[in-house]
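Thanks for coming, everyone. Let me put the structure up, and then we will walk through a few parts of it.

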Amino acid sequence: MAANSAVDSSASQPEANAIPDVLPLFMPKDLIIYPGLIVPLSISDDDVVSMVDDVMKKGSRILGAFLRKPDSKDGDPNGTYRLGTAITIHRMLRVGDGTIRMIVQGLERIELKEIVDEKPYVTAEVEVIPVKTRKTVRLEAMNRALIEDFDKMAELTPDMPEEFKLAVHNLDDPGSLVDLIASNLDLDPPVRQQVLATIAVPDRIRLMRQLIDRELQILQLGNKIQSATRGEIEKSQREYYLRQQLRQIQKELGEEEEGGEALEWRKKVEEADLPERVLEVAEKEMERLERINPASAEYSVVTTYLDWLISLPWETMSEDNLNLDHAFDVLEEDHYGLQDIKDRIIEVLAVRKLKPDAQGPILCLAGPPGVGKTSLGQSVARAMNREFVRISLGGVRDEAEIRGHRRTYVGALPGRIIQALKKAKTRNPVFMLDEIDKLVSDFRGDPSSALLEVLDPAQNSTFSDHYVEIDFDLSKVFFVTTANYLENIPPPLRDRMEIIRLPGYITEEKVQIARQYLVPRQIERNGLKKKQISIHKSALEDIVVYYTREAGVRNLERAIGQVCRKVSRKVATVENQPKVTVTRKNLHEFLGPKKITPSWASRKSSVGVTNGLAYTPYGGDTLKIEAQLMPGKGGMKITGQLGDVMKESAQIAMSWIRANQKKLGIKPETFQKYDLHIHVPEGATPKDGPSAGVSLTTSLASIYTGRKVRSDVAMTGEITLYGHVLPIGGLREKTVAANRARIDHVIIPWDNQKDLENVPDDVRSDVEFHPVKEVEEVLEIALEPARKPRNTSSNNGHSKTKTATKKSPKQEAVEA
């Protein structure tokens with residue numbers, strides 16, 4: 001909290017009677033200000049800042065500084081030492097962050113007598129302790145002895161400031177001399193307090209000589225240790241020179257010993273069959289190695305580098321299996337569905353078969369978690385008979401993770417690309433870069449920029465790692481990346497990859513995956529046999545619908561594993577346990593009560609409630625959008641943790657409704673008499689994007705006209721101020737989510753009809769799509785016909801009114 005202190009012998013100190021009897025208390029934890037010393041302080045504690053401000057306003061400028069005891073609580077006046085210093089504030093500067101900087105000077109030693117008040121800050125009654133110094137021959141002798149001890153310490157402390165030495169020799173007052181030395185020595189706060197509490201000057205000098213003597217012992221011991229260390233280094237160098245002389249003597253006598261570590265490394269380099277460019281670098285490193293003392297730290301740096309050069313697969317390649325039928329069989333065996341992805345992989349193999357020197361493809365598998373992106377990479381490697389390596393990029397924030405560290409750093413290593421290739425032992429593996437959308441950039445660099453060279457077929461044939469510093473050919477590597485959310489990948493990096501989207505699975509696909517892959521795998525993992533357990537298809541359907549809610553199948557496999565563990569317990573505890581059959585009726589015995597209530601279970605047509613469709617990093621999802629009117633002054637409230645783009649969509653929807661109020665049959669005064677509240681449930685989940693525009697417009701049109709929104713209709717699309725419906729992205733994922741929620745009709749933008757080809761056939765057969773160009777078409781499809789005003793629901797259409805004496809906002813809007 002304070003910088004080095006200095007003594008100001010010329011500064012005029014106030015007399016003891018100038019110090020008030022009651023002072024505000026400044027109670028630092030580790031700072032002591034001795035009388036006569038000037039100290040800079042920086043204070044950020046709000047309570048202390050307020051106290052200083054009050055003192056400065058009153059014009060006093062004097063505080064009582066008392067050191068807190070080590071075990072005391074912050075701000076407790078009873079936890080301080082009883083003896084402190086009266087200090088005066090010479091100058092104060094306020095910094096922008098609320099911190100204040102002050103120049104203070106110690107005045108007199110004071111004793112704390114009694115606490116006067118604790119609010120708004122602690123004040124106490126103090127008494128000045130007079131220090132009387134009578135110059136005698138004995139005191140002069142003690143003062144000179146103290147200066148001699150200080151000079152000895154200064155000789156062993158080369159970094160001691162010259163100004164401090166000069167100040168010690170120029171001080172005439174022995175008491176001030178002790179205080180100055182104490183303030184600049186590295187002493188613990190309690191020891192500094194001991195010096196402050198020693199009033200008699202002769203006693204204070206004796207105490208300081210003891211402290212300096214202890215410091216001298218520490219410094220002398222440190223010099224002794226340093227000398228011994230220097231001697232060990234000189235001994236090591238001497239042995240090295242003697243060994244070099246012995247080697248020359250043996251060479252002259254023809255007795256040069258064969259072997260040695262350097263010769264072993266040379267033999268390894270020769271046996272490694274390195275390319276010419278690598279061999280040249282290895283030879284230079286071998287020459288360095290022969291000149292370095294084996295005990296030197298540089299020796300291990302060179303040998304580690306040579307080990308990496310020898311271990312990397314510079315020319316080693318595995319032979320591809322380009323049998324397309326075999327590749328197709330492997331992909332079919334490992335994965336259900338995903339026909340587009342399988343076709344693309346077969347196309348890559350076909351090109352490789354016709355053109356063996358073709359550059360390695362770079363694919364990006366994008367989709368929600370649990371749909372099989374990582375396992376697809378393993379299947380590709382098995383189909384091509386290549387090695388498979390994988391690195392996870394989630395949370396990687398340092399460029400050196402990709403390119404490696406330069407060898408000048410201690411403990412430097414190659415980047416993760418080179419490390420994985422060493423592990424693969426070939427230069428043409430299937431290389432998976434998992435979670436590429438989770439890269440993070442900060443002050444240490446941007447790893448996504450380092451990947452630009454790795455994932456560019458035009459550049460990666462000369463990839464340079466900072467540690468290896470020799471170009472490595474990555475053009476034969478089959479790179480496969482995975483991502484959940486493409487928007488998080490920088491555009492230049494995304495441009496270098498071929499994007500293949502993996503949509504979420506529909507219920508029937510999940511059931512088939514469970515029957516063909518997940519159930520057999522969990523039966524084996526839990527020590528069961530097929531004759532001991534049987535899981536019916538209806539049970540699997542219920543697990544998908546009522547126990548898991550996901551785009552992939554990870555939670556589905558966990559639920560199946562839980563069922564298998566329950567059965568394993570029965571088999572292990574009951575002798576001759578008959579075969580356990582899991583059906584829809586007894587499923588709750590294994591998984592407990594149903595965890596999920598599907599949205600269609602309680603869905604019915606309502607006023608102001610619309611089914612929207614959203615695309616998330618975890619796949620598509622349905623999104624309810626609710627609107628409600630209440631008496632007010634025409635305000636609009638939007639809740640549900642919506643992003644700026646979605647809020648703007650709501651404002652655009654409101655503008656369109658008001659611009660077309662006559663066409664919709666809404667009274668103009670309705671907008672001034674009632675407030676509107678728009679809410680999107682699941683408020684803890686952030687939501688954003690323009691594709692909810694048609695859903696928001698439909699909810700507003702419904703709430704202002706009193707017409708119910710059909711519960712079997714979902715919609716997606718961006719709108720303009722003039723009611724045009726614009727195309728959106730993620731249609732495949734959104735339609736799969738609609739089918740999963742048992743929606744019968746989906747309204748889509750007219751320009752998205754081309755994307756229906758990517759929608760699974762099962763979804764297209766179950767869902768009726770309605771392409772639209774204008775918002776009027778959306779309302780015609782989504783809203784039920786208007787009813788007579790007297791029969792209009794008074795609360796979202798759930799209950800009918802029996803009297804017409806007091807009309808709801810919706811009724812008044814309908815009657816227009």
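Why is strand β2 (residues 22–26) largely enclosed by the rest of the structure? Because 4 of its 5 residues are buried. Buried means under 20% relative accessible area, exposed means over 50%, and partly exposed is in between, with a 1.4 Å probe and protein chains only. Strands here are DSSP E runs of at least two residues, helices are H or I runs of at least four, and both are numbered from the N terminus.

Some ground rules before we go on. This is a predicted model, where local features need pLDDT of at least 70, side-chain atom pairs count only at pLDDT 80 or more, and totals for chains, interfaces and linings use all residues. Residues are numbered from 1 along each chain as its sequence is written, and side-chain values use heavy atoms, with hydrogens and water left out.

Back to β2. Which strands does it pair with? Two strands pair if DSSP finds at least two bridges between them. β2 is joined to strand β7 (residues 123–128) by 3 bridges, and these two run antiparallel. Proline 24 faces threonine 123 in β7. Leucine 23 has alanine 124 of β7 as its bridge partner. β2 also has 2 bridges to strand β4 (residues 62–65), and that pair runs parallel. There, leucine 25 is partnered by glycine 64. A general point to keep in mind: in a regular strand, side chains alternate between the two faces of the sheet.

Now follow β7 to another partner. β6 and β7 pair antiparallel, over 6 bridges. They form a hairpin, with 5 residues between the strands. Aspartate 117 stands opposite threonine 123 of β7.

Next, salt bridges. A salt bridge is a side-chain nitrogen of Lys or Arg within 4 Å of a carboxyl oxygen of Asp or Glu. How many salt bridges does that rule give? The count is 39.

Start with arginine 109 and aspartate 179, whose side chains meet at 3.0 Å, N to O. Arginine 109 is in strand β6 (residues 100–117) and aspartate 179 is in helix α4 (residues 174–184), so this pair ties together parts that are 70 residues apart in sequence. Are these two side chains' residues buried or exposed? Arginine 109 is buried, at 3% relative accessibility. Aspartate 179 is buried as well, with a relative accessible area of 3%.

Next come lysine 438 and glutamate 435. Their side chains form a salt bridge at 2.9 Å, N to O. Lysine 438 counts as partly exposed, at 30% relative accessibility. Glutamate 435 is partly exposed too, at 24%.

Then arginine 764 and aspartate 761. This salt bridge is 2.6 Å, N to O. Both residues sit in helix α26 (residues 761–766), 3 residues apart, which is about one turn of the helix. Arginine 764 is partly exposed at 36% relative accessibility, while aspartate 761 is exposed at 56%. Elsewhere, salt bridges with shared partners join Glu285, Arg288, Glu298, Arg406, Arg407 and Glu469 into one network.

What about disulfides? A disulfide is a pair of cysteine sulfur atoms within 2.5 Å. By that rule the count is 0. Cysteine 364 is buried, at 0% relative accessible area. Cysteine 564 is buried, also at 0%.

Last topic: cavities. A cavity is a set of points, on a 1 Å grid over the protein atoms alone, where a 1.4 Å probe fits but cannot get out; lining residues have an atom within 4 Å of a point. A volume is the space filled by probe spheres set on the points, which are joined across faces, edges and corners. How many cavities of 30 Å³ or more does a search of the whole structure find? It finds 2.

The largest cavity holds about 40 Å³. Its lining includes Leu31, Phe66 and Gln193. Strand β5 (83–94) and helix α5 (189–197) each supply at least two lining residues. β5 gives the most, with 3. By class, this lining has 8 nonpolar, 3 polar and no charged residues. Nonpolar means Ala, Val, Leu, Ile, Met, Phe, Trp, Tyr, Cys and Pro; charged means Asp, Glu, Lys and Arg; the others, Gly among them, are polar.

The second largest cavity holds about 30 Å³. Among its lining residues are Ile341, Leu363 and Val480. Its lining has 7 nonpolar residues, no polar and no charged.

Key
1 Å grid on protein atoms, 1.4 Å probe; cavity = no way out; pocket = protein on both sides within 12 Å on 5 of 7 lines; lining within 4 Å.
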